[in-house]
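Biologist: I'm new to this one, and I'd like to learn how to read it. Could you walk me through it?

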Amino acid sequence: TSPLPARDLQTSSSMLTVALTPPTPRSTCSHHFSPLDIVWVCRTCQADETCVLCDSCFRRSDHAGHKVQFYHAQAGGCCDCG
């Protein structure tokens, strides 16, 4: 095989860099609920029936027109944002 021209090497190198760059990890707040914390449930967004959001994460995201509920935490559990 013949060597690639310098222009092709640059293109291949940048494509390889993109391909090898790991995806940005999803950030989760992992807020642990205390008794009486507000816990939000968005039935439209949730991945499964156990997914909930803390009040801060819920307010920072757009749930307009979604099916949402909230309740006060008893004890335990954490935010499933991200």
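This is a predicted model: local features need pLDDT of at least 70, side-chain atom pairs count only at pLDDT 80 or more; totals for chains, interfaces and linings use all residues.

Biologist: What counts as a strand, and when do two strands pair?

Modeller: Strands (E, at least two residues) and helices (H or I, at least four) are DSSP runs, numbered from the N terminus. Two strands pair if DSSP finds at least two bridges between them. Here β1 (residues 38-42) and β3 (residues 68-72) run antiparallel, joined by 5 bridges. On the β2 side (residues 53-54), β1 pairs over 2 bridges, also in the antiparallel sense.

Biologist: In what order do the strands form the sheet?

Modeller: The order is β2-β1-β3, an open sheet of 3 strands with antiparallel pairing. β2 and β3 are the edge strands, each pairing on one side only. Trp 40 is handy for seeing this: it stands opposite Leu 53 in β2, and its bridge partner in β3 is Phe 70.

Biologist: Is β1 mostly covered or uncovered?

Modeller: First the term: buried means under 20% relative accessible area, exposed means over 50%, and partly exposed is in between (1.4 Å probe, protein chains only). β1 is mostly covered, with 4 of its 5 residues buried.

Biologist: How do you read an aromatic pair?

Modeller: A pair of aromatic rings is described by the distance of the centres and the angle of the planes. Rings of Phe, Tyr and Trp (its six-membered ring) pair if their centres lie within 6.5 Å; planes under 30 degrees apart count as stacked, over 60 as edge-to-face and the rest as tilted. By this rule the count is 2 aromatic pairs. One of them is Trp 40 with Phe 58, which is stacked at 3.9 Å centre to centre and 5° between the planes. That pair links distant parts of the chain, since Trp 40 is in strand β1 and Phe 58 in helix α2, 18 residues apart.

Biologist: Why does Phe 58 count as buried?

Modeller: Because its relative accessibility is 12%. Trp 40 is buried too, with a relative accessible area of 12%. Trp 40 also forms a tilted pair with Phe 70, at 5.1 Å centre to centre and 45° between the planes. Trp 40 lies in β1 and Phe 70 in β3, so this pair ties together parts 30 residues apart in sequence. Phe 70 itself is partly exposed, at 48% relative accessible area. Ring pairs link Trp 40, Phe 58 and Phe 70 into a cluster.

Biologist: And what is a nonpolar core?

Modeller: It's a set of buried Ala, Val, Leu, Ile, Met, Phe, Trp, Tyr and Cys residues joined through side-chain atoms within 4.5 Å. The largest one here has 12 residues, among them Phe 33, Val 39, Trp 40, Leu 53, Phe 58 and Ala 73. β1, β2 and α2 (55-59) each supply at least two residues of this core, and β1 gives the most, with 3.

Biologist: Where does His 63 lie, and which residues is it in contact with?

Modeller: His 63 lies in the loop between α2 and β3, and it is buried, with a relative accessible area of 12%. Contact means heavy atoms within 4.5 Å. Leaving aside neighbours within four places in sequence, His 63 is in contact with Cys 42, Cys 45, Leu 53, Phe 58 and Val 68.

Note on methods
Residues are numbered from 1 along each chain as its sequence is written. Side-chain values use heavy atoms; hydrogens and water are left out.
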